[in-house]
Amino acid sequence: MEWLQVMVARLTGLFRRRVLDAELDRELSVHLEALTEENIRRGMTEQAARHAARRAFGGLEQTKESYRDRRGLPFFETLAQDLRYAVRMLVKSPGFTLVTVLTLALGIGANTGLFSLVNSVLLGNLPVRNPEELVVVKYTDSRSQQAQEDFSYPMYQALRDKNTAFRNVLTRSGVDFNASYGGQSERATGEMVSGNYFETLGVRAFLGRLIGPEDDRTPGAHPVAVLSYGYWQRRFGSDAAVVGKDLILNNNPIRVIGITPPGFYGTEMARNPDIRVPMMMATVFRPVPANRLENPRHRWMTILARRKPQVTVGQAQASLDILYHQVLAAELQERESSINAHDKERTLASRIQLEPGNQGFAHLRTEMERPLLLMFCVTGIVLLVACANLANLLLARNAKRKQEISVRLAIGAGRGRLIRQWLTESLLLSVLGGCAGIFVAYWAETALLGFLPADFSANLQAPMDFRVLGFALLASLFTGLLFGLAPAFQLSHAGVSITLRHDSPSIASGERIFCLRSALIFLQVALSLPLLIGAGLFLHSLENLRGVSTGFVKENVFLTTLNPAMNGYPRERIKSLYDDLLALVRAMPDVRAASLTTSSVISGGWDQEGVKVEGYLPGADENMSPNAAIISPGYFATMGIPFVEGRDFTEQDTAARPKVVIINETMAHYFFGNKDPLGKKIGTEDDPKAPPDREIIGVVKDAKYVRLSEAPRRHFYAPMAQELRLLDMTLQVRTSGDPEKIGNLVRAQVHDLDANLPLYATTTLEIQIDDSLMQERLITWLSSLFGLLATLLASLGLSGIVAFSVSRRTREIGIRMALGAQPDDILRHVVGHMAFLVTAGMAVGLAAAYGLSRLLGSMLYEVGSADPRAFAGSCFLLGVVAALAAYWPARRATEVDPVVALRYE
Amino acid sequence: MAETHGEVLQGTLDLIVLKTLEALGPLHGYGIAMRIQQVSEDLLKLNQGTLYPALLRLEQRGWISSKWGVSDNNRKAKYYTLTRSGRKQLLAETESWERMAALMTRLLGRAEGA
């Protein structure tokens with residue numbers, strides 16, 4: 001505690017300095033006077049007495065100095081002194097200050113903005129109580145070796161009730177609603193949750209109450225719902241009276257019992273469901289298949305569990321795995337008759353795998369991790385280039401301050417003291433830059449968030465928390481140290497005598513600075529080139545994606561999605577509604593074709609369906625699930641997908657007629673080789689004994705289905721009229737004019753047909769494809785931006801050093817010209833060194849880029865890591881920019897007048 | 001070497017000041033310096049100025065306190081007083097000093113005897 005007392009005393013010593021100084025003066029003079037008087041009494045003369053007193057006392061100023069050092073905090077007092085001086089210096093050269101602060105603001109801002117994203121996307125936890133106790137329950141599939149996370153309800157029940165490792169086990173499953181209130185219906189996102197969902201997460205109601213175990217007992221018997229805060233705000237204007245009222249969800253009155261707190265979004269950051277209903281309502285909201293809560297073969301829910309604090313993840317996994325296998329074995333027992341030995345073995349080879357659940361289900365995060373970290377590295381490199389640039393600037397500036405430096409050294413300033421003062425200056429600059437950078441970061445982050453899906457970006461909270469601010473501060477200090485150390489390095493070898501002379505840029509002086517600055521240029525070039533090459537690779541990849549042959553015609557197609565099944569309509573009504581809609585839309589002006597499909601191309605998702613193929617014997621672990629879509633007649637005409645052979649579905653292919661399918665070329669080759677597939681049959685029945693019953697009546701060309709970068713996939717189409725399941729259907733309309741114009745007509749038509757039928761995902765095919773390239777576009781855009789920024793900084797540095805070198809060697813150039821050198825010779829002489837530097841930097845940069853581009857691998861589409869276009873193009877660009885940057889100041893060398901130059905010193 | 005002979009170690013000076021204040025009661029800087037000179041009979045070569053940073057250090061630690069007062073010859077002077085914790089410190093330091101002194105005596109005595 002004693003040091004604390006001393007600290008307080010010293011801190012108070014910082015204030016009232018003038019009063020305290022006066023007191024000390026008085027105290028010491030009293031002492032001296034007393035001594036003098038004593039000496040006089042002993043018989044000395046007054047002058048001798050005074051001198052003797054001073055001798056006995058010792059150095060008066062030293063005493064005061066050491067007294068003052070002890071009284072206050074000399075470190076901070078010196079700091080304040082340095083800061084005052086630094087501010088004066090910066091104010092004196094506003095241009096330099098502005099350029100430096102702006103450069104730093106951009107560099108630190110870009111880094112902070114990206115860190116802020118990394119912080120919230122990759123490091124952020126679920127907004128729930130003790131998120132680190134949560135685990136995501138998954139199982140490994142023995143065939144794909146990938147972790148799966150969909151469980152059946154019976155399995156969930158068993159894991160919940162019989163485990164020993166968890167305090168609570170929740171389950172959830174996504175569901176969409178047609179929500180209607182006050183005569184207005186719309187599409188709402190939702191989630192079915194187990195009764196212990198909120199209890200497990202530790203979330204309390206904002207209003208009313210949340211779903212509890214008592215709301216999740218009997219299938220279909222709990223018509224209650226909880227709204228998210230955002231939905232409540234948006235849709236109900238934050239009206240508290242809505243709690244206790246009924247919403248109409250898919251034609252069922254459902255009582256709103258409460259509102260979740262603001263900031264709570266559930267268990268996955270990429271989603272924020274509007275409405276939550278009890279899991280037992282699955283029989284109402286997902287009525288097909290009817291036995292989804294009982295049949296262990298329907299896997300459709302994900303599980304999150306809260307560990308008991310004393311149980312480790314490893315222990316929990318081991319104990320849960322045993323339980324999982326007991327349940328699996330019992331399930332297999334029941335299905336003994338219909339399952340072969342191989343399948344049984346495969347099922348039992350599956351293992352429980354627990355993953356940290358502090359971030360919940362992190363699908364999109366996993367997807368974004370690599371691009372985000374990549375961009376973070378890129379901005380880091382840009383900051384390094386900026387640092388090198390500023391170090392160069394400071395060196396040039398200090399070369400002009402030689403006089404001041406030598407005077408300070410001569411009157412006794414220590415080197416350490418000088419370095420300390422310069423560091424104070426550069427740190428002041430970098431902190432200023434950092435502060436400005438926070439604004440840049442804020443802007444950058446807002447811009448970046450614009451590229452993310454809306455649901456996702458809305459869930460990213462507190463973008464500027466203490467971690468981000470801390471990062472900005474650290475980045476500032478780091479950069480300040482980095483570029484502030486360059487002049488310090490230079491100083492440590494400067495002598496007082498050299499610098500005190502009236503110094504001139506003669507041939508010999510400044511050699512060291514020149515070397516240091518050359519090294520910095522080399523570094524900048526070597527760092528910038530990989531960035532440019534990276535940008536080139538992404539650009540090439542994006543171009544490839546844009547130019548990819550999709551297999552369909554993307555222009556002039558209007559898309560919208562609807563789901564009348566949600567309104568609880570009987571099948572007959574749905575069917576006639578679809579038929580009417582198609583007939584009406586086809587009759588509209590400018591419409592060339594219209595059709596319906598369960599899967600819209602390049603929308604990111606697709607159904608797969610297990611098949612059996614007549615005359616084809618699959619291998620033990622062969623994947624027999626091609627993509628599948630259910631379509632109306634006219635689909636291929638709408639999409640512009642050509643037939644290879646056979647015919648399209650017609651209105652005659654009804655449920656009463658023999659079942660038919662159309663397959664794509666890849667599927668035809670896969671299963672039938674060179675034989676004609678027409679007339680062959682495939683089957684989709686679960687029952688292994690049922691023979692294939694769907695006749696292949698046509699083969700169409702391949703297309704891209706889920707994303708543009710995919711490899712050719714097997715695919716088959718079944719006609720709507722013969723399919724039981726009618727889920728979301730996308731209406732696609734090919735027009736001869738602008739597809740967006742048809743939108744209002746379609747909307748009005750649907751409203752006339754059924755006012756309670758919301759349309760959603762309304763867009764055009766071109767926009768949908770463009771949206772699918774969002775991430776690629778963002779990366780290309782950012783990497784190009786940063787690559788160019790780094791190149792610009794490097795070329796500015798290069799320009800500066802050439803100018804420096806020219807002015808340093810004015811006399812030498814003058815002599816050369818006087819001796820008859822031609823301007824070309826001079827130019828070659830001046831630029832030669834730079835050309836060497838840049839070439840060397842580019843060689844190292846090329847090697848680094850070659851090594852690093854392999855890491856990009858899967859992020860590039862049909863671009864080799866040694867893509868000649870990107871490499872050559874980037875080298876060319878950097879070379880041209882560097883040449884221009886060097887040529888401009890070098891030209892001045894050729895304009896040197898030998899007479900003036902020789903008189904220069 | 002002769003000069004360093006009489007120099008005072010920091011801790012020693014602290015102890016001397018504390019002891020002086022205990023023996024003589026409240027005293028100003030000059031008085032303390034005089035007393036030290038008197039007692040040491042000029043064995044200690046002390047720059048009297050170094051006393052003041054030492055006094056400040058002791059005050060910051062709370063072992064002495066200071067107050068402006070009037071001296072015998074009617075001058076305003078700053079008087080230093082030993083505080084309660086200063087007294088404790090003095091005891092502790094005296095003890096450890098004596099232990100050290102005894103140790104050194106024993107050590108040096110034996111060395112001489114050998």
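Of the 905 residues that make up chain A, 39% count as buried, a residue being buried if 20 or more other C-beta atoms lie within 10 Å of its own, exposed if 12 or fewer, and partly exposed in between, with C-beta atoms placed from the backbone. The structure is a predicted model, in which local features need pLDDT of at least 70 and side-chain atom pairs count only at pLDDT 80 or more, while totals for chains, interfaces and linings use all residues. Residues are numbered from 1 along each chain as its sequence is written, and chains are lettered from A and ligands numbered from 1 in the order in which they are written.

Chain A holds 29 helices and 23 strands; these are DSSP runs numbered from the N terminus, helices being H or I of at least four residues and strands E of at least two. Its radius of gyration is 38 Å, well over the 29 Å that the globule rule gives for 905 residues, so chain A is more spread out than a compact globule. That radius is taken over C-alpha atoms, and the rule is 2.2 Å times the number of residues to the power 0.38. Along the principal axes, the C-alpha atoms of chain A fill a box of roughly 135 × 80 × 55 Å.

A closer look can begin with A:Leu372, which is found in helix H13 (residues 363-400) of chain A. This residue counts as partly exposed because it has 19 C-beta neighbours inside 10 Å. Apart from neighbours within four places in sequence, A:Leu372 is in contact with A:Leu117, A:Val118, A:Val121 and A:Leu122, where contact means that the C-beta atoms of two residues, placed from the backbone, lie within 7 Å.

Next comes a pair of helices. The axes of helix H11 (residues 313-334) and helix H12 (residues 341-349) of chain A come within 10 Å and cross at roughly 160 degrees. H11(A) and H12(A) are therefore roughly antiparallel to each other (angles under 35 degrees count as roughly parallel, over 145 as roughly antiparallel, 65 to 115 as roughly perpendicular and the rest as oblique). On the H11(A) side the contact is made by A:His325, A:Leu328 and A:Leu332, and on the H12(A) side by A:Lys344, A:Thr347 and A:Leu348.

Finally, the contact between the two chains takes 21 residues from chain A and 16 residues from chain B. Helix H3 (29-40), helix H4 (51-60) and strand E3 (76-82) of chain B are the elements that give two or more residues to the side of chain B that touches chain A. The largest share of that side, 5 residues, comes from H4(B).

Methods. Axes are lines fitted to C-alpha atoms, for helices over the stretch in contact, and angles run from 0 to 180 degrees between N-to-C directions.
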